Amino acid sequence: MNHDQILLAHGGGGRLSHALITDEILPRFGSGPLASLPDAAALELDSTRIRFTTDGFVVQPLEFPGGNIGDLAVHGTVNDLAVSGARPRWLSLGLILEEGLSLSLLRRVLDSIQRAAHDCGVIVATGDTKVVRRGQCDGLYITSSGIGEALPGFDLGLDRIRPGDRVLVSGPLGDHGAAILAAREGIQGFHAPVSDSRPVHRLVEGVSSLAAGIRFMRDPTRGGLATVLNEMTTGRDFGILIRARELPFSPGTAALAEMMGLDLLHVASEGCLVMICAAEVAESILAVWRTVPEGQKAQAIGVVTPNQAGRVILESAIGGLRVVDVPSGELLPRIC
């Protein structure tokens, strides 16, 4: 295309719209069901048990240390499927482009989507592109939906959690939210936080042989670990005790949190998996996770207890106890 910016005409259905699709979209995603630009993709499923999810991505800035809105959209959708016990297969992408958006930025985002989708083994099967007037969106929004096939053996649910179960996390907590905050504040350098935007599906599939002992999974995005654990315990007849000395944090993220007064239990991750599992399979799961890059910092952080029903309790390094509540209000808006 002989333009450096997105114009309203790129969304008008004419020559520029055609050029946007044929020059930028199809070369990256047109080898599969999208090739003939059908109104609906024709897909063949091996399983009758599918999982279906959708999410919108409006993160600012669009590019941040460790990723951009493109791979974040792929990873977020893949992870929603993975933590439901599914193998991600297909994605749809809806792009809302603002008039004036740099084409070089759009190309970097599309390249990131292409790399992330390939890495996750998913196919962009369908999508849509719209252009809105300058000022009507903040550069670029993405809506992504995903379809996955349920993996055999997983039977997940809050009603399966029992006292004595273990709480596991696959990696450091709060890296994504800290990276977004650092980018907004202009904090750079060797120790600056880097987003953990990455897929968790390999962590799930790697422990599928232990699925009978896995009770529940979730990725701690908005609201962080505190929100996920409180969602598990609210209204239930069990509590959860986590231990501060076991919580994994990256050095740069921990330093930023200390400087900014953040509670990292409330800060989002985008490539971390929280799992509740039976005690007898916990060490086996950790051993598998630590063999893949996404799980090298995996850690058992706590236990489900018959006490403090409905509450999440943090045990400090010196043995003190405090209630971990959900954050009040939005700690960091537009992080995903």
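Me: Is Ser145 buried or exposed?

Reply: Buried means under 20% relative accessible area, exposed over 50%, and partly exposed in between (1.4 Å probe, protein chains only). Ser145 has a relative accessible area of 15%, so it counts as buried. Keep in mind that this is a predicted model: local features need pLDDT of at least 70, side-chain atom pairs count only at pLDDT 80 or more, and totals for chains, interfaces and linings use all residues. Residues are numbered from 1 along each chain as its sequence is written, and side-chain values use heavy atoms, leaving out hydrogens and water.

Me: What does Ser145 touch?

Reply: Contact means heavy atoms within 4.5 Å. Not counting residues up to four places away in sequence, the neighbours of Ser145 include Phe52, Thr54 and Trp90.

Me: Which residue has a charge sitting over the face of Trp90?

Reply: For that, NZ of Lys or CZ of Arg must be within 6 Å of the ring centre and within 35 degrees of the ring normal. Here Arg89 does it, at 4.4 Å from the ring centre of Trp90.

Me: Which residues of helix 7 are buried?

Reply: Helices are DSSP runs (H or I, at least four residues), numbered from the N terminus. In helix 7, residues 251-260, you'll find Gly252, Thr253, Leu256 and Ala257 buried. Looking down the helix axis, the directions to their C-beta atoms fall within an arc of 135°, so these residues line one face. Pro251, Glu258 and Met259 are exposed, on the face turned away from the buried side. Helix 4 (175-185) is part of what covers the buried residues.

How values were computed: Helix = DSSP H or I, 4+ residues; strand = E, 2+ residues; numbered from the N terminus.
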